Amino acid sequence: MKRENTYSPISCLFSKQLNLSDFGFEKPALKKIKEINKDIRPNKLLKFIKYVFKYSKIVLNKYSSNFSKHDFTQPALFTLLAVKIYTRSTYRQIIDLLELSDKIQQYLHLKKVPHYTTLQKFFQRLSTAILKELNKQILRNHQING
């Protein structure tokens, strides 16, 4: 009598796809999971990105020149620079973070991830007048207790 080997590589390759009902979760439990997910607070970094992007769209032109490639908008690049300063990271680390985060790419309307030198060159072109205007817009719309 020959016994079948149940742990052979062939039998392990074709495993059954499991779902939540296999673990005893019923539909009321799934509804409860969805309710719990609604209560999770949004990420602080995403809030910061939305805040900076909103004000940079007010102050900055969409593109620096009519003859530019129009790959990345100035507000999106400025937001990435602000995130770099906020997270105390390097240009390359910000680009790595952006490659991993689809939510940030969607919010900034990026079709592709910029090279880190794009951020460096944008920072060199950025004038202090633009930064002062951004600061004025933020102070005008938010009362700050000092």
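View 1. K136 is partly exposed at 42% relative accessibility (buried means under 20% relative accessible area, exposed over 50%, partly exposed in between, with a 1.4 Å probe and protein chains only). The model is predicted: local features need pLDDT of at least 70 and side-chain atom pairs count only at pLDDT 80 or more, while totals for chains, interfaces and linings use all residues. Residues are numbered from 1 along each chain as its sequence is written, and side-chain values use heavy atoms, with hydrogens and water left out. The partner of K136 in the salt bridge is E133, with 3.5 Å between the closest N and O atoms (a side-chain nitrogen of Lys or Arg within 4 Å of a carboxyl oxygen of Asp or Glu). Both residues belong to helix 8 (residues 128-141), where they are 3 residues apart, about one turn of the helix. E133 is also partly exposed, at 28% relative accessibility.

**View 2. The salt bridge between K112 and D71.** The structure holds 2 salt bridges. In the one shown here, the closest N and O atoms of K112 and D71 are 3.4 Å apart. This pair links distant parts of the chain, 41 residues apart: K112 is in the loop between helix 6 and helix 7 (116-125), and D71 is in the loop between helix 3 and helix 4 (74-87). K112 counts as partly exposed at 45% relative accessibility, and D71 counts as partly exposed at 35%.

View 3. The whole structure contains 3 aromatic pairs (rings of Phe, Tyr and Trp, its six-membered ring, with centres within 6.5 Å; planes under 30 degrees apart are stacked, over 60 edge-to-face and the rest tilted). One of them joins Y51 and Y55, which are edge-to-face at 5.1 Å centre to centre with 70° between the planes. The two tyrosines lie 4 residues apart in helix 3 (residues 44-59), about one turn of the helix. Y51 is partly exposed, with a relative accessible area of 30%, whereas Y55 is buried at 3% relative accessibility.

**View 4. The aromatic pair F53 and Y107 between two helices.** The ring centres of F53 and Y107 are 5.6 Å apart and their planes stand at 65°, so this pair is edge-to-face. F53 comes from helix 3 and Y107 from helix 6 (residues 102-107), so the pair links distant parts of the chain, 54 residues apart. F53 is buried, with a relative accessible area of 4%; Y107 is partly exposed, with a relative accessible area of 31%.

**View 5. K84 over the ring of Y91.** The charged end of K84 sits over the Y91 ring, at 4.8 Å from the ring centre (NZ of Lys or CZ of Arg within 6 Å of the ring centre and within 35 degrees of the ring normal).

**View 6. The chain as a setting for the close-ups.** The chain has 8 helices and 0 strands (DSSP runs numbered from the N terminus: helices H or I, at least four residues; strands E, at least two). From the N terminus on, its elements run α-α-α-α-α-α-α-α. Of the 146 residues in the chain, 26% are buried. Among contacts with a separation of 6 or more, 62% are between residues 24 or more positions apart (contact means heavy atoms within 4.5 Å). The chain exposes about 12,200 Å², of which carbon and sulfur atoms supply 54% (Shrake-Rupley method with a 1.4 Å probe; for residues, only the protein chains shown count as cover).
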